Amino acid sequence: MSYIPSSQQRHMRACMVCSIVRTYSQFMQSGCPNCESFLELTGNGDAISDCTSQVFDGLLSVSNTERSWVARYQRLEGYVPGVYAIQVEGILPEDAVVAAENAGIHYIPRDGSVSEALPTEG
């Protein structure tokens, strides 16, 4: 687990796929612990800029993503314990969406623009 000192909080970014919050240097050094296999952020500044966002709302800390109802509600099941953003603003590039889908991840934007509710008959 990585600690973010208060002096570095202005450098925090959130992954647009899983919403984990880390500093730019943490993404640069070790990528995204949940999405690295298909986003390949480690050492790639352009990918970090494209696939993470500095604009996000709220933070939540999850120690057990399998048992937490908040983790289920936020679609964090199976992810590593950590600090996650509640909403992440930004548009994930199409090639990253395709890479996520090819990795078996059904990408749903985390900015609240897509309703996950079941369709209602009207």
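Which residues does Ser-19 touch, not counting residues up to four places away in sequence? Ser-19 touches Ala-14, Leu-76, Val-83, Tyr-84, Ala-85, Val-88 and Arg-110, where contact means heavy atoms within 4.5 Å. This is a predicted model, in which local features need pLDDT of at least 70 and side-chain atom pairs count only at pLDDT 80 or more, while totals for chains, interfaces and linings use all residues. Residues are numbered from 1 along each chain as its sequence is written, and side-chain values use heavy atoms, with hydrogens and water left out.

**Overall layout**

- The protein has 5 helices and 5 strands; helices (H or I, at least four residues) and strands (E, at least two) are DSSP runs, numbered from the N terminus.
- Along the sequence, these elements follow the pattern β-β-α-α-α-β-β-α-β-α.
- Of the 122 residues in the protein, 39% are buried. Here buried means under 20% relative accessible area, exposed means over 50%, and partly exposed lies in between (1.4 Å probe, protein chains only).
- The accessible surface comes to about 7,300 Å², and 50% of that belongs to carbon and sulfur atoms. Accessible areas come from the Shrake-Rupley method with a 1.4 Å probe, and for residues only the protein chains shown count as cover.
- Among contacts in the protein with a separation of 6 or more, 51% are between residues 24 or more positions apart.

**The largest nonpolar core**

- A nonpolar core is a set of buried Ala, Val, Leu, Ile, Met, Phe, Trp, Tyr and Cys residues joined through side-chain atoms within 4.5 Å.
- The largest such core has 32 residues, and Cys-15 and Leu-39 touch the most other members.
- Two or more residues each come from strand 1 (12–15), helix 2 (36–39), helix 3 (45–51), strand 4 (56–62), strand 5 (82–88) and helix 5 (94–102). Helix 5 gives the most, with 4 residues.
- Leaving aside neighbours within four places in sequence, Leu-39 is in contact with Cys-15, Val-17, Ala-47, Cys-51 and Ala-96.
- Val-97 sits in helix 5 and counts as buried at 15% relative accessibility. The C-alpha atoms of Val-97 and Leu-39 are 9.3 Å apart, although 58 residues separate them along the chain.
- Beyond its neighbours within four places in sequence, Val-97 is in contact with Leu-92 and Tyr-107.

**Cysteines**

- How many disulfides are there? The count comes to 0, taking a disulfide as a pair of cysteine sulfur atoms within 2.5 Å.
- Cys-15 is buried, with a relative accessible area of 0%.
- For Cys-51, the closest cysteine sulfur is in Cys-15, at 7.3 Å, so the two are too far apart for a bond. Cys-51 also counts as buried, at 5% relative accessibility.

**Aromatic rings**

- A search of the whole structure finds 1 aromatic pair. Rings of Phe, Tyr and Trp (its six-membered ring) pair if their centres lie within 6.5 Å; planes under 30 degrees apart count as stacked, over 60 as edge-to-face and the rest as tilted.
- Tyr-79 and Tyr-84 form that stacked pair, at 6.5 Å centre to centre with 15 degrees between the planes. Both tyrosines, Tyr-79 and Tyr-84, are buried.
- Arg-22 lies over the face of Phe-27, at 6.0 Å from the ring centre. For a charge to sit over a ring, NZ of Lys or CZ of Arg must be within 6 Å of the ring centre and within 35 degrees of the ring normal.

**Loops worth a look**

- Ser-19 is placed in the loop between strand 1 and strand 2 (21–23), and is buried with a relative accessible area of 1%.
- Met-16 lies in the loop between strand 1 and strand 2 and is buried, with a relative accessible area of 5%.
- Not counting residues up to four places away in sequence, Met-16 touches several residues, including Asp-50, Cys-51, Val-88, Tyr-107 and Arg-110.
- Most residues other than glycine have a negative phi.
- Glu-40 has a positive phi of about 50 degrees although it is not a glycine. Glu-40 is found in the loop between helix 2 and helix 3 and is exposed, with a relative accessible area of 52%.
- Arg-75 has a positive phi of about 60 degrees, and it is not a glycine either. Arg-75 lies in the loop between helix 4 (69–73) and strand 5 and is partly exposed, at a relative accessible area of 23%.
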